[in-house]
Amino acid sequence: MDSDGTQDARGTHANPVPRARSGMPPMPSQAPGVPPLPDGSAFLTWLRTPRPDAAPGVWRFGHKARAHEEREQIPARQLVSGAVIAFLVGWLIWSLLWNGYLGGWWLLPLYVMIPDSWTDPHSFGRVIISYAWYLMIALAIMITVGRLGRWGEVWRRFGPPAWRQAAPAHEPPPAPEQDPAEWSQLRAVGAVDAAERLAAEARAGLMRDVDHARIARAWQGVRSGRFSLATFTRAVLQEGAAACVHPSGERDLPARLARHDLLTGQVRLGTTADDARNPYAYRGAGLGLGPELLGTSLLAVGPAGSGKTGTVVRPIAESLCLHALAGRAAVVVVGAAGAGLGPADAYDVVVQIGNPESVYDLDLYGGTTDPDEAAAVLAEALVGDLAEPHQGGDTRRSTTVLAQLLGPFRAVHGRFPSVPELRQLLDGAPRPMAALRKGLEDSGQESLLRELDARERQMGNPGDVGGILADRVALLDRPAFATFFQSAGSDSSGQSRPFSLKALDHPVRVRIDLPQRGHADASRILARLVLAQFTASVAVREDRSLFACLVVDDATGVVTPEAVRGVQRLRSGNAGVVLTLRTLDDVPRPLRGPLLGAIGCRMALSGLTPWDGQDFAEVWGKEWIEARDVTDRQIIAETPAGKALHAVRRVITGKAPTARAVTVRQVERERWSASELAHGVPPGHAVLSLTTVTGEHAPPLLVDLRG
């Protein structure tokens, strides 16, 4: 112990065994278990990566454009043999010149240039000029035969340039006014403090891609006049990168399975195959989908196990959830329970129909208070699959029947009927009908009494659709659904939290799990109900700058005439749907053409049947291609020398001498035939055509969904 009370490092705590100082471990720079300080270099690199404009569907992050047409490449055998032959020809010419077999004419310029004082063959000047002239002639011969033999292409394809991989280019940092991390648009309007705060958090690693997209979306609201600049600046100065956060408080998803680029809004689904059937500019490029493509809707058709859910639906749903966190989109994902559509933590609302532990319920009437609107949506869900492909089928009559009951019931009770009550009314049960009539008489609702009288007169008639509606409602009136489908005000317990698609005005993330096992027919009704409510809700949204998308995993029985017409109207409302089918046989034959015509992005996965491939081949049409017909004609020698030469050639090659004739012509051929779609698409691949909301098209592309 020292005099000042401190303990010597060599005291009682020292190891009694002598220890070399060089063997001691270095002192740690920070306490154990503490994570390293955040670094924003990765985020800044991502933010500053160039994203050039590209064709529809090209993954723009770090994309390097290719030529529109492929350069004609000479086969390696022909290229190497031509280079060797050119070298031998040059060597032969030089040998003939050097040995004087071609005369001395090529030395005349040399004799003219040499002065008379250098006539001595051993003079130094004469030797220098002579060998310089020889070198110039040799170089001229070598350059000539090198161009004829394509030595430069041989060097590029087989020399050191082809051995070493291209080193990544380190681009200099952009200028401050062009650096997206400096928020120059904020500085331009005087919000310098807010721009400095955001730039500092980006450099410190406290900002993520979702934060950048969310704040950029809020800034768009300031520019459009929805928010004030002072409010935006105050929020940024107080919260930094966490400003303008999503109502859920989340700034990212719990996990990501796909690659996303929120700066362009794309999600990468795979890589365009390096196949001759793909345009050269697309080959090897990544495939990315964004709202500009999903706004025209997407249809993916493929058998079970072809990868529809894992490689198409899940990445798209994940991307839309990220857009919702950034305040850009509202998404509703519909699928079977346990289909792998993402964890529950990735959504704001999870409706598990048939599960008693579900926190949320589905509003059967879509949150509307208009009986006619509720009747139209409910009729589409119940009997939309029975309607004829033309206007005025069973859906219109079913709408009238439901409106004759929903209007009077709401006038009496102030709400719409529950499923058991609606079933009793459609069956014409005497007690509910009498109670409803008495309520209308007491309130003096004469017009609604006439509606009820008309419904009672139609009951029992041969053309009455009330029985069909009652049978369909009975599929929802099951013990497993006893606590579900409660509209606002119909749940007396107060435990129900019905979700309505009227919430699409907000950046909400919704997942609806359908009870597929044992309730397949009810699941189809519910899927049609969600689609009908979605198309009706997006048409009356106030804020259409928010992209709305409905993702339906397995749309069997969902496509109806009214659904096709609704999909056609979505593009103008900044909305779209993503539908998957096992086969086009799940769609009525008269609706297949209109469905494929209404959808802008069409995907045929591997394992497609030939009759499904025929529908895709028809909608993709034909194109003009250049066809080459090659004809080999045997050469007949007429002279003895020619016959001898042909005999030697036949001995060497084993084939008779022939002359090849090539005929080039323009022919019209299907882009992808039904046979190619059924048998020529490898496993894990798909053929996809794209259309943007502005009308740009991409031809059918063979895409590797695993890349």
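**Close-up views of a core and a strand**

**View 1. The largest nonpolar core has 94 residues.** Leu-402, Ile-512 and Phe-534 have the most contacts inside this core. Helix H19, residues 520-538, gives the most to the core, with ten residues. The model shown here and in every view is predicted.

**View 2. Leu-402 sits among its contacts.** Leu-402 is one of the residues with the most contacts inside the largest core.

**View 3. Strand S9 spans residues 509-514.** Six of its six residues are buried, so S9 is largely enclosed by the rest of the structure. In a regular strand, side chains alternate between the two faces of the sheet. Look at S9 residue by residue. Arg-509, Arg-511 and Asp-513 point one way. Val-510, Ile-512 and Leu-514 point the other way. Residues of both sets are buried. Ile-512 is also one of the residues with the most contacts inside the largest core.

**View 4. Strand S9 pairs with S5 in the parallel sense.** Strand S5 covers residues 329-336, and its pairing with S9 runs over six bridges. Val-331 has Arg-509 of S9 as its bridge partner.

**View 5. Strand S9 pairs with S6, also in the parallel sense.** Strand S6 covers residues 349-352, and four bridges join S6 and S9. Here Val-349 has Val-510 of S9 as its bridge partner.

Notes:
Residues numbered from 1 in each chain as written. Predicted model: local features only at pLDDT ≥ 70, side-chain atom pairs only at ≥ 80, totals over all residues. Heavy atoms only, no water. Core = buried A, V, L, I, M, F, W, Y, C linked by side-chain atoms within 4.5 Å. Buried < 20%, exposed > 50% of the residue type's maximum accessible area, 1.4 Å probe, protein only. Helix = DSSP H or I, 4+ residues; strand = E, 2+ residues; numbered from the N terminus. Pairing = 2+ DSSP bridges.
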